[in-house]
Every structure is written in C-alpha cells, then in structure tokens.
Amino acid sequence: MLQLLQPGPKLNLGVAVEFAWCLHYIICSQVNNALLITHGALSTLGLLLLDLAGAVQRTEDAGLELLACPVLRCLSNLLTEAAVEAVGEQMQLRDERVVAALFILLQFFLQKQPSLLPEGLWLLNNLTANSPSFCTSLLSLDLIEPLLQLLSVSNVVSVLVLTVVCNIAEKGPAYCQRLWPGPLLPSLLDTLAFSDTEVVGQSLELLQLLFLYQPGAVQAFLQQSGLQALQRHEEVAQLQDRVRALQQTAQHG
C-alpha cells in the first residue's frame, strides 16, 4: 500500500486516493501504528504532501483535494503516535519544507475547497504542539500573518489557527518576542468581538501567554482598549474566570 502511495510519475491519482483512505482507516483502527511508522509511513506521506503542494502550483486539477484530505488525516493521526521531535527525521524532510508545503495547500483549499482548511490546520497543530523546531519554521518563514488571515473563514478555522499560535507562544519568551508586535494583537482584539465561546476562550488563552512572556503586551493591550473588549464576556459562564484573571493581570501586573 505504501509503495502505491510513493510520489512520482507512476503515481495514479485514482488508485492513490483509494489506498490513502484505506491507510487512514487502518491508522484509525490503531492496530499497529508503530509498525506503519517503522515501515516508513511518515516518510512516504511526507513526500506525498510535498508532491501535492508542487502539483497544486502547476495545475488547476480539482481532483487533487481528493488525495490531500486522506493524506493530511493519515499524517495527523500518525503524529499522535510518533515521538514528535523525531518526526522530521522519520519524514526524512526538513521542517521548513513540510511547513511550506502545508501552507501552499492551505492557500489552495482557501481558494478551491475551504471545507478542507481544518484538515490542514489540524496537521499544523499536531506538528507544532510539542515541537519547537516546527514552531521555529513557522516564524522563520514569516507565516504567522498568512495564518492569522484565516481567522475570518469560520469559527472552527479560527479556533485551530489560535491553537497553533498558542502552541508557539507556549514555547516561551523567545518565541513570544518573535510573534511581537506584528498583526497578532489587533487580530486578537478582533476575535474578542466574536460571540463564539470557543474562539474567545482560545483568544484569552493566547493573551494570557503573551502577558506572561512578552513584557510589552499588557501595555499595548491597555492602549488599544483591551479592557473594554474583555467586558462583553464578563457574564459568560465558561469565560468568566479567564476574563477576570486577564483583567487583574492587565490592571495590576
């Protein structure tokens, strides 16, 4: 099955789609995902991801998303099994190539198939959750602003985007400094105007990390009417505690 998914001139799109979905169901069954990884599944799927990113730049073929979806799901699920810091090595790819390919696909989905954006963002979440090197790649390739531009697509997409940025901010002061100043704070103030509690909750979590690790964040938040933005969520049961904690930090340090 992995042999039939090897990228190259002999790859048959229709066959690859069928076997990629088969592989997805096998991975979801969790029979022996460690064996799949040992047999090079991450490497094969990673190379296929790069191949797909190259293909969407060369052609308008609408069939490519049919293969992209199961490939993204397979990678996302296998990454929960693998030791994350070893992922780059097991894929036999540099972190930057994987991240760059993923963003090419995200832009393709945005134009052609927005319903697939969560699939790509879930993979990005799994890549960055415990891996400083993948977080560094996002920063080095200046991909934070394109990522934040997806916040307007839907609530589901917004939560995933904010989760990925939280993954980066959680890595500490050095990472928060590279997120700052840029468009991050204005984007967060915009999301605080959302009514969806999941989106707002993830925004509050990200603000808490910025307040903790980035010295200028509190002052900038106050100067841009951040406290007023928080007030509209004071009575929301799921958000009250986090809103109060942020208000206290902003007002008293």
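Reply: Asp142 sits in the loop that links helix H8 (132-140) to helix H9 (144-148). The model is a predicted one, and the description should be read accordingly. The backbone of Asp142 has a phi near 55 degrees, a positive value in a residue that is not glycine. Its relative accessible area is 62%; since the cut-off for exposure is over 50%, Asp142 counts as exposed.

Gln30 is placed in the loop between helix H1 (13-29) and helix H2 (33-38). Phi of Gln30 is likewise near 55 degrees, a positive value in a residue other than glycine. With 55% relative accessibility, Gln30 is classed as exposed.

Trp180 and Pro181 are joined by a cis peptide bond, with omega at about -5 degrees. Pro181 belongs to the loop between helix H11 (173-179) and helix H12 (184-191).

H7 consists of twelve residues and spans 17 Å from its first C-alpha to its last, which is close to the 16 Å expected at 1.5 Å a residue. Ten of its twelve residues are buried, so H7 is largely enclosed by the rest of the structure. Among the buried residues are Leu117, Glu119, Gly120, Leu121 and Thr128.

Asn126 is a polar residue in this helix, which covers residues 117-128. At a relative accessible area of 12%, Asn126 is buried, because the limit for that class is under 20%. Its side chain makes a polar contact with the side chain of Asn125, at 3.3 Å. Beyond its neighbours within four places in sequence, Asn126 is in contact with Ser76, Leu79 and Thr80.

Apart from neighbours within four places in sequence, the contacts of Phe221 are Leu185, Leu189, Leu192, Leu207, Phe211, Gly226, Leu227, Leu230 and Ala250.

The cysteines complete the local picture. The count of disulfides is zero. Cys28 takes part in none, as the nearest cysteine sulfur, in Cys74, lies 7.7 Å away. Cys28 is partly exposed, at 43% relative accessible area. The sulfur of Cys135 is 11 Å from the closest cysteine sulfur, that of Cys176; a disulfide requires a pair within 2.5 Å, so this distance is too far for a bond. Cys135 is buried, with 0% relative accessibility.

As to confidence, the protein chain has a mean pLDDT of 89, and 93% of its residues reach 70 or more. Helix H10 (residues 155-169) has the highest confidence, at 97, whereas helix H5 (residues 87-91) has the lowest, at a mean of 54.

Definitions and conventions. Residues are numbered from 1 along each chain as its sequence is written. This is a predicted model: local features need pLDDT of at least 70, side-chain atom pairs count only at pLDDT 80 or more; totals for chains, interfaces and linings use all residues. Side-chain values use heavy atoms; hydrogens and water are left out. Contact means heavy atoms within 4.5 Å. Helices (H or I, at least four residues) and strands (E, at least two) are DSSP runs, numbered from the N terminus. Buried means under 20% relative accessible area, exposed over 50%, partly exposed in between (1.4 Å probe, protein chains only). A polar contact is a pair of N or O atoms within 3.5 Å; within protein, one must be able to donate a hydrogen and the other to accept it, and residues adjacent in sequence count only if both atoms are side-chain atoms. The expected span of a helix is 1.5 Å times one less than its number of residues. pLDDT is the predictor's confidence in each residue, from 0 to 100.
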